[in-house]
Amino acid sequence: MENIVALAKRRGFIFQSSEIYGGLNGFFDYGPLGSELKKNIRDCWWNDMVRRRDDIVGLESSIIMHPKVWEASGHVAGFTDPMVDCRESKQRYRADQLFFSPVFYKPAQKFLGYVAILEADEKTMMKDWFKRSEKLRHISGFLASGDEIGEALSFTEIKEEQLSQVLGPNATVPGTLTMPRGFNLMFQTNVGAMSDASSVAYLRPETAQGMFVDFKNVVDTGRVKLPFGIAQIGKSFRNEITPRNFIFRSREFEQMEMEYFIHEDADWSKCHQEWIEWCRQWLLSIGLPESHLSLYAHPKEKLAFYSKGTVDIMFAYPFGVQELWGIAARGNYDLGQHAQASGKPQEIFDEATKKKFVPHVIEPAVGVDRILLAVLCAGYAEEDVKDEKGNVEKRTVLRLSPRIAPVKVAVLPLLKNKDALVGRAKDLHKKLQRRYAVFYDDGGNIGKRYRRQDEIGTPWCVTIDFDTIEKPGDTFTLRERDSMTQKRITEADLFALLDEKVY
Ligand code: GAP
């Protein structure tokens, strides 16, 4: 991860937000290459999900909606994470990510207390504890180098009175952690000049509710017939207690969600399966390796009461296998809730039975930032290669699919002081630029220029060399990023190659 984060910064993919002021935890900026990569992911999804299908239409709803939307959807009452505060360090933790390890004084097996450990950082936390243990022993009376740590317990296994024996992750004395309480993840704001309870509104925590609230508008205007979907891409905001793993869990992020409405009597399970497979295939189409993907079906007992089933497509990130894309069968809960709360029926008329009903929905919901992190992680490689003289050197390469690579082709005149080479290169660059993101680079030796493009994931480099201008055929050297092979290609064939691979 460290190398990937460093590359993302060095090459202008991702910056910490407000970096010159010390940054803001959980917020990120996408630089020149990152914004291109993100746009390409969005565009591929939109083209495949909306434009290339006859049964799905698009929507762009507002980020701030009527507060009643979030009451009806259940977010005001229930969109919470269990949160634990530390009275000493003023840090806040998610209860489900905190574990308690009993500590024993080894020779006598005397129980000393518990240390609280954060799930994700278990190993580093432990090392850190032992480093600080000498100091802690004097302060809190436990955790010396000879002490032994037992099997970790979760919050559900620990009793309130035992908390007085717990040393928090960033505390120096035991007993500073509170019991968990619900912390609503929605960001609040006020609409208009008044700042009182009547003006409270929320930044949306998901884009999905826009599709439900506009359901009738789309049905009445969009010439859609069941089954059909409404798709949306846009920013969502969650005041995550512990944003972490770079852009994996942030407080401002972007979602690509689609609500696929089906008849109440339709085979929802079949439809659910079809969407799981569609999403999996789509991830493969933008270059994620099959070996990194797996499926996780949520256990029935953990599903919300209205949910019929949820399957997550998981991705093997360097920090563990984590949720990438959730595909949920939500029944008709959301439309039903909005019908009840607004008093406006959210029904469709069935010509066959002459009856009205509230459609059911299958919802594939994914985060753009999580996909972007997955493609960076899967694509990043460091390898030993030989230069022109046969010397071994390290090359860093980002194996991004041509579909999403921020730069599709780099145009490189072999020498920058030869007018004929530069003229032909600039002419080609201009032509390519009309349709693709391309980069013109005439600085440094050609090997270095190739390496620069490898590092940012450019699939092809085209070199305009002496053969281009001196030999018949007007061909260029096409250098392929992954194999590093070179061949000659004409302008027409270059456009044909791009047309086939960049869609
Ligand atoms: N409408 C359903 C919904 O929002 P979710 O599982 O909470 O479901 C869907 O979110 C997807 O949005 C997740 O699978 C993930 O890809 C992305 N996502 C959720 N929270 C995120 C966060 N804090 N940072 C980045 N991406 C997030």
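Is Asn 245 buried, partly exposed or exposed? In this predicted model, Asn 245 is partly exposed, because its relative accessible area is 24% and the buried class ends under 20%. Asn 245 sits in the loop between β13 and β14, and its backbone is worth a look: phi is near 55°, a positive value in a residue other than glycine.

Thr 242 belongs to the loop between β13 (228-237) and β14 as well. With a relative accessible area of 13%, Thr 242 is buried. Its side chain makes a polar contact of 2.8 Å with the side chain of Gln 97. Leaving aside residues up to four places away in sequence, Thr 242 touches Arg 92, Tyr 93, Arg 94, Gln 97 and Arg 249.

Leu 226 and Pro 227 are joined by a cis peptide bond, with omega at about -10°; Pro 227 is part of the loop between α7 (215-221) and β13. Met 484, although not a glycine, has a positive phi of about 60°. This residue lies in the loop between β26 (475-480) and β27 (486-490) and, at 28% relative accessibility, counts as partly exposed.

Attention now turns to the ligand. There are 18 residues around the ligand, and Glu 206, Arg 238, Glu 257, Glu 323 and Leu 324 come nearest. A nitrogen atom of the ligand lies 2.5 Å from a side-chain N or O atom of Glu 257, while a polar side-chain atom of Glu 206 is found 2.7 Å from a nitrogen atom of the ligand. On its own the ligand has 550 Å² of accessible area, and the protein covers 89% of it. Two or more residues of the shell come from each of β14 (252-262), β17 (320-331) and β20 (360-367), and β20 gives the most, with four residues. By class, the shell comprises eight charged, six nonpolar and four polar residues.

Among the helices, α2 (residues 32-51) can be described by its span and its buried positions. Its 20 residues reach 26 Å from the first C-alpha to the last, close to the 28 Å expected at 1.5 Å a residue. The buried residues of α2 include Leu 33, Leu 37, Ile 41, Trp 45 and Met 49, and also Lys 38, Asn 40, Asn 47 and Asp 48.

Key
Residues numbered from 1 in each chain as written. Predicted model: local features only at pLDDT ≥ 70, side-chain atom pairs only at ≥ 80, totals over all residues. Heavy atoms only, no water. Near = heavy atom within 4 Å. Polar contact = N/O pair within 3.5 Å; in protein donor to acceptor, adjacent residues only side chain to side chain. Areas by Shrake-Rupley, 256 points an atom, 1.4 Å probe, with all protein chains shown as cover. Nonpolar A, V, L, I, M, F, W, Y, C, P; charged D, E, K, R; others polar. Expected span 1.5 Å × (residues − 1). Buried < 20%, exposed > 50% of the residue type's maximum accessible area, 1.4 Å probe, protein only. Contact = heavy atoms within 4.5 Å.
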